[in-house]
Every structure is written in C-alpha cells, then in structure tokens.
Amino acid sequence: MSEQDDSITCRSTGLIHHPYRPPAAFEAPTQGVFKASTVYFADTAAMRSSRWIDKSAYTYGLHGTPTTFVLEERLATLEGGRHAILAPSGLAAITLVDIALLKSGDHLLLPDNAYGPGRRFAKEDLSRWGITHGIYDPMDAASLAAALTPATRLVWLEAPGSVTLEFPDLPALVRTVREQAPQAVIAMDNTWGAGLAFDAFALGVDLTVHALTKYPSGGGDVLMGSVVSRDDALHHRLAWAHSRLGFGVGLNDVEAILRSLPSLPLRYAAQDAAGRRFAQWCGTRGEFARVLHPAMPGSPGHAHWAALCKAAAGLVTVEFDPRYSAKQVDAFVDALERFRIGWSWGGPVSLAVPYQAAEMRGLPTPYRGTLVRFCLGLEAVDDLIADATQALRALG
Ligand SMILES: Cc1ncc(COP(=O)(O)O)c(C=O)c1O
C-alpha cells in the first residue's frame, strides 16, 4: 500500500470514529433531528439492561430517538393523554390498535360512518383471523347497545363521521359501552377534533388515534399517525405490538410534524372560520339539498356538537339536490380551479372529492343526491366561494 493510500485509510476511519464532540449545551426553538437505526451502548451490561418501553434509554431506532420521544410527549399533551406511539400513517395507527388488542374469537364494533379503509381492514383482514365485527348507527345509542356482545373487546368512535360529518352523542355512546360491555376498550378516531375541538379523554375513552397527516402536519406532505392512551398497561400492550410489527416512522417526517405543531391551533382556527363561512354560503344555494357541518344548525348531531365543542375542523360536505346526476356533479368538481381534487385534508390547499353515500354505508342513509366533501385550506375564503360559484355553472 502506498503512503498516500495509507493516509486515506486513516482518514476514512477518522471520518467515522471522529473524537470531536460538540458542547452539550445547545438550545434552540426546534428539537434536533436524531436519526438512527443503530444506537450505541456503553457496554454489554447497558445493552442488556436498557429499556425503551419507559423511555429511560435508547436501544434501537425503531424504539425511539430523542426526536420521536419529544413528539410523542407533545402529542400526549395535545390530546390530554399520558403516552403516545407513532405509526407510519393514520391508517397504520388504526390497524395497530386492532391488531394489538384483538385475537381470534373477539368481536369489534365500528360506527357506520367510520373512516372507510379502517372498516375494510375489519372486513377483509381481521375476519381472516377469526375476528368478527359489527356496524352500529352512531346517531343511536340503542343501535350500539344492540350490537354489543359478550365477545366485544373493542368499540371504535369517530366524531364526526367520515364524509357525512354526523356528530354523535359521545357521552351516551361511552356510557352504553361502559354499562353493557365493561370488558371492551373504547378507541376514538380523534383526527377531526385534533385534540382542540373537544377533550376525548374527559369523555372516558381509553385511547385516541390521530391521523397526524391532517392538521398536525398541515402541509399535505407527510403521512403519520399516533395512538395516545392514559393507562400504563394498555400503552404497554400497544407499544409491544408496535415494536413487533416494526411500524417505524421517518425522522425527517417527525421533524416536519414537530415544526408544524406550534402553529396547529392557529391553522385549525383559521380553517374552522373558513369552513363555517363556506358552509353558510352553501346554505344559501338552491343546488344543495343539505349542508353537512356540525356547527351548522340543522346538520345531523348539531346539538351534540354544541354541547361538547366550541371549534370545528374545516370540512364541509354538501348533498347536491337529487335532480343533478352524478355526472353533472363530477362536471362541477372538474370545473373548480382553486379547490384541487384529491384525498386527505388539513393542508394549505383546499380540496374537493365527490362521493355516493350508498357506496360507503351499510345502514340506510337519508342521502339521495351526490355528496361533495370540501376541505378548506388556507386560501382567502372569498376566493374559494367565488371558485365554487363559477363551478356551479358547469352543472348545466
Ligand atoms: C378520520 C380519518 N382517520 C384516519 C385517516 C387515515 O389517515 P392517513 O391518511 O394518515 O392514513 C383519515 C384519512 O383521510 C381520516 O380521514
């Protein structure tokens, strides 16, 4: 080996095992991004005794770094819980709860207006593993009571429902489960409320799931989910299952959520205000048979929303008058210029998606016309109303 090669070899080792350590005292508004798969242990004794489950040590990137621990603590605070777990998407957070808490022979219940892919996971996958499910009408506690069985181990709540935005009587639903199925865990999809519109844990739920993809990210560019709980034993069941499933999250994505979290309440309030203005405008238009928005009097469950919440997310769904065909409604959506066509919500860009209620629900619904769900972004709401006004001309 030449002298030059030798010095390059020394340099490459030095680049990896460099002796420099920056001073520890560094404070800035944002948390540093600690990325790792491998985490070092001081010695083999430390390797054997380190515990990630109580956040007393780091063991492997999948089990947490300072960056994920900080986001988890902040999310637990946001939702009024004590523990948080990160998952690669909101849907992964939902399936994590199902997989962690259910076994063959168990039964779970979902509201008829639950987020669709969570329902499909129960129907297509949990059923293959001997786990049965039922659907209840979230607007009728008696329907939930009738659907509970001695085998029911998990009951999902969602407020308001996906797309149709009916706001259930949450205290009555929680009471029904506690009285009739004390063995069941109550899980709440808290994405719409985002920890800001109402306090899910004060209602007595056991855990919340939050699609951080929506408001906590706020950018339309990150997929992540969380599961927040209060009870240590429940958290441990979820956390051990999470570690066995290998549901890791990317540290740059964690950083993006940490950066967006401080502005969450401001963005939520702005999108709430825009949603209410837009919903009021919808209410003045004869093309719409119904405007679905929990803060609008007349929207299903408005009184339940008013009893529990001051705030609302920026989602508005309209039911077109049944005299308009699905094709005409598609023409309206296609004519929108500011609203883009796309899934999800909570980002800066307003979105619109058409739906047919009959394709989404198992129980009878009152909706006969085509639905369009609008997600209000951060544009000037007058521009969005002007956009929807011009697009209505495409109905013909
Ligand atoms: C209410 C609700 N929960 C969960 C999810 C799933 O979130 P993700 O898109 O991060 O999987 C969504 C996504 O639209 C949702 O609307």
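Modeller: Let me begin with a term: a pocket is an open set of grid points with protein on both sides within 12 Å along at least five of seven lines, and its lining residues have an atom within 4 Å of a point. Please keep in mind that this is a predicted model.

Colleague: Which residues lie nearest the centre of the largest pocket?

Modeller: Tyr115, Gly116, Pro117, Ser162 and Arg373 lie nearest its centre, out of 48 residues that line the largest pocket. The space in this pocket comes to about 1,000 Å³.

Colleague: And which elements supply at least two residues each to that lining?

Modeller: Helices H4, H5 and H13 (357-360) do, together with strands E3 (132-136), E6 (207-211) and E11 (351-355). H5 provides the largest share, with six residues.

Colleague: How does the lining of the largest pocket divide by class?

Modeller: It has 23 nonpolar, 14 polar and eleven charged residues.

Colleague: Which residues line it?

Modeller: The lining of the largest cavity consists of Ile94, Leu110, Pro111, Ala114, Tyr115, Gly118, Arg119, Trp156, Leu157, Glu158 and Asp189. Strand E2 (107-111), helix H5 (116-124) and strand E4 (152-158) are the elements that give two or more residues to this lining. E4 gives the most, namely three residues.

Colleague: What is the make-up of the cavity lining by class?

Modeller: Seven of its residues are nonpolar, one is polar and three are charged.

Colleague: H5 has come up for both spaces. At what angle do H4 and H5 pack?

Modeller: Helix H4 (residues 90-101) packs with H5 at an angle of about 35°, and their axes are 10 Å apart. The crossing of H4 and H5 is right-handed.

Colleague: Which residues meet there?

Modeller: From H4 there are Leu91, Ile94, Thr95, Asp98 and Ile99, and they meet Pro117, Gly118 and Phe121 of H5. This contact has five nonpolar residues, two polar and one charged. Ile94 and Gly118 are also among the residues that line the largest cavity, and Pro117 is one of those nearest the centre of the largest pocket.

Colleague: What about H10 and H14: how are they packed?

Modeller: Helix H10 (residues 264-283) and helix H14 (residues 381-392) have axes 10 Å apart and pack at an angle of about 30°. H10 is therefore roughly parallel to H14, since angles under 35 degrees count as roughly parallel. Their crossing is right-handed.

Colleague: A last topic, the backbone. Is the peptide bond from alanine 159 to proline 160 cis or trans?

Modeller: That bond is cis, and its omega is near -10°. Proline 160 is located in the loop between E4 and helix H7 (170-180). For context, most peptide bonds are trans.

Colleague: And what is phi at lysine 55?

Modeller: Lysine 55 has a phi near 60°, a positive value in a residue other than glycine. You will find lysine 55 in the loop between helix H2 (44-49) and helix H3 (66-79). Most residues other than glycine have a negative phi.

How values were computed: Residues numbered from 1 in each chain as written. Predicted model: local features only at pLDDT ≥ 70, side-chain atom pairs only at ≥ 80, totals over all residues. Heavy atoms only, no water. 1 Å grid on protein atoms, 1.4 Å probe; cavity = no way out; pocket = protein on both sides within 12 Å on 5 of 7 lines; lining within 4 Å. Helix = DSSP H or I, 4+ residues; strand = E, 2+ residues; numbered from the N terminus. Nonpolar A, V, L, I, M, F, W, Y, C, P; charged D, E, K, R; others polar. Axes fitted to C-alpha atoms, helices over the stretch in contact; angles between N-to-C directions. Parallel < 35°, antiparallel > 145°, perpendicular 65-115°, else oblique. Left-handed = near helix turned anticlockwise from the far one by under 90°. Contact = heavy atoms within 4.5 Å. Points joined across faces, edges and corners; volume = space filled by probe spheres on them.
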